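Hi everyone, thanks for coming. I'd like to walk you through one protein chain today, so please have a look at the screen.

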Amino acid sequence: SAKECISHLAKNKGGRATFLPISSVDGDVMKNPPVKSKGYIGIACELVEHDSRYDGIFRNLLGRCVIVDNIDNAVEMAKDNNYKFKIVN
């Protein structure tokens, strides 16, 4: 339960957690991803395998995160897109 998780984190100085209600969280996937940019692999929420009941959670957390093939392409893509979204290599 959330209460047990919070208690465990507090007791073990384990940091913090965010709890997202499955029933009401819905996120957006970026509308115009830089698919023609060098090194583009995809949008993270579409690449991560997960149970479909968590679609809203994954879109919320990863819908504006682009996966690229290497750091050089990530830097170039970030500059070309005015740092509007997260990029992960």
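I'll start with the overall layout and then move to the core.

A word on the source: this is a predicted model, where local features need pLDDT of at least 70, side-chain atom pairs count only at pLDDT 80 or more, and totals for chains, interfaces and linings use all residues. Residues are numbered from 1 along each chain as its sequence is written, and side-chain values use heavy atoms, leaving out hydrogens and water.

From the N terminus on, the order of elements is α-β-α-α-β-α-β. Helices here are DSSP runs of H or I with at least four residues, and strands are E runs of at least two, numbered from the N terminus. How spread out is the protein chain? Its radius of gyration is 16 Å, well over the 12 Å that the globule rule gives for 89 residues, so the chain is more spread out than a compact globule. That radius is taken over C-alpha atoms, and the rule is 2.2 Å times the number of residues to the power 0.38. Those C-alpha atoms fill a box of roughly 45 × 30 × 20 Å along the principal axes.

Now, burial: 25% of the 89 residues count as buried, meaning under 20% relative accessible area with a 1.4 Å probe, protein chains only.

The largest nonpolar core has 9 residues, including Met 30, Tyr 40, Val 66 and Phe 85. Such a core is a set of buried Ala, Val, Leu, Ile, Met, Phe, Trp, Tyr and Cys residues joined through side-chain atoms within 4.5 Å. β1 (40-43), β2 (65-68) and α4 (71-80) each give two or more residues to this core.

Finally, not counting residues up to four places away in sequence, Phe 85 touches Met 30, Pro 34, Arg 64, Val 66 and Met 77, with contact meaning heavy atoms within 4.5 Å.

Definitions and conventions. Buried means under 20% relative accessible area, exposed over 50%, partly exposed in between (1.4 Å probe, protein chains only).
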